[in-house]
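Hello,

I am passing a structure on to you. Please look through it, then read the notes below.

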Amino acid sequence: MRAVIQRVKNAYVDVPDAEPKGRVGEIGAGVLVLLAVTNEDSEEDVEWMVSKISQMRIFEDEFGKMNLSVSDIGADALVISQFTLYGNMRKGNRPSFNRSARPETAEPLYLRFCERLGGAISGKLARGHFGSMMNVGLVNDGPVTIILDSKDRGF
């Protein structure tokens, strides 16, 4: 699994072309998680990602140091599926997505990730609509952006 995590003041996701249409998720202060699943991912990757993201110390304490996690402060999380995080540009100018898991593999792991992250944080968990075109809006806080990859844990 690969994730781009952004600390946000607020974020939302609208789905213009699928049911349900309109705003399907929004959060206040917290994290926006763009999540991609690859062919080799498993429950172990879900657990590792949830543990890292829920405990990631990217919020400031009373001394202005990034010492608090989303769990510590009761912040929200918005999770958006984004298979393009596995885009490969080795050849040519159009990305290849052959490392991205097919929907029948990716969707259950995405839903499991959302379920587990929702249980690991005390704030609200919202999510996008898997497989749909989405319009995502956010107000970055910082900005603070972290990239995680469960197959390259030193990334």
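In these notes a contact means heavy atoms within 4.5 Å. With that cut-off, residues 24 or more positions apart account for 76% of the contacts in the protein chain with a separation of 6 or more.

Some ground rules come next. This is a predicted model, in which local features need pLDDT of at least 70 and side-chain atom pairs count only at pLDDT 80 or more, while totals for chains, interfaces and linings use all residues. Residues are numbered from 1 along each chain as its sequence is written, and side-chain values use heavy atoms, with hydrogens and water left out.

Overall form. The protein chain has three helices and eight strands, where helices (H or I, at least four residues) and strands (E, at least two) are DSSP runs numbered from the N terminus. Their order from the N terminus is β-β-β-α-β-β-α-β-α-β-β. The radius of gyration, taken over C-alpha atoms, is 15 Å, which agrees with the value near 15 Å that a compact globule of 155 residues would have; the globule rule is 2.2 Å times the number of residues to the power 0.38. Along the principal axes, the C-alpha atoms fill a box of roughly 50 × 40 × 30 Å. Of the 155 residues, 45% count as buried (buried is under 20% relative accessible area, exposed over 50%, partly exposed in between, with a 1.4 Å probe and protein chains only).

The largest pocket. Its volume is about 450 Å³. A pocket here is an open set of points on a 1 Å grid over the protein atoms alone, where a 1.4 Å probe fits, with protein on both sides within 12 Å along at least five of seven lines; lining residues have an atom within 4 Å of a point. The volume is the space filled by probe spheres set on the points, which are joined across faces, edges and corners. The lining has 20 residues, and S81, Q82, F83, G131 and S132 are the closest to the pocket centre. Elements giving two or more residues to this lining are β3 (30-36), β6 (76-81) and α3 (103-120).

Two local points. E43 is in helix α1 (residues 43-55) and is partly exposed, at 39% relative accessible area. Leaving aside neighbours within four places in sequence, E43 is in contact with L109 and R112. Separately, the peptide bond from G142 to P143 is cis, with omega near 0 degrees, and P143 lies in strand β8 (residues 135-149).

Regards
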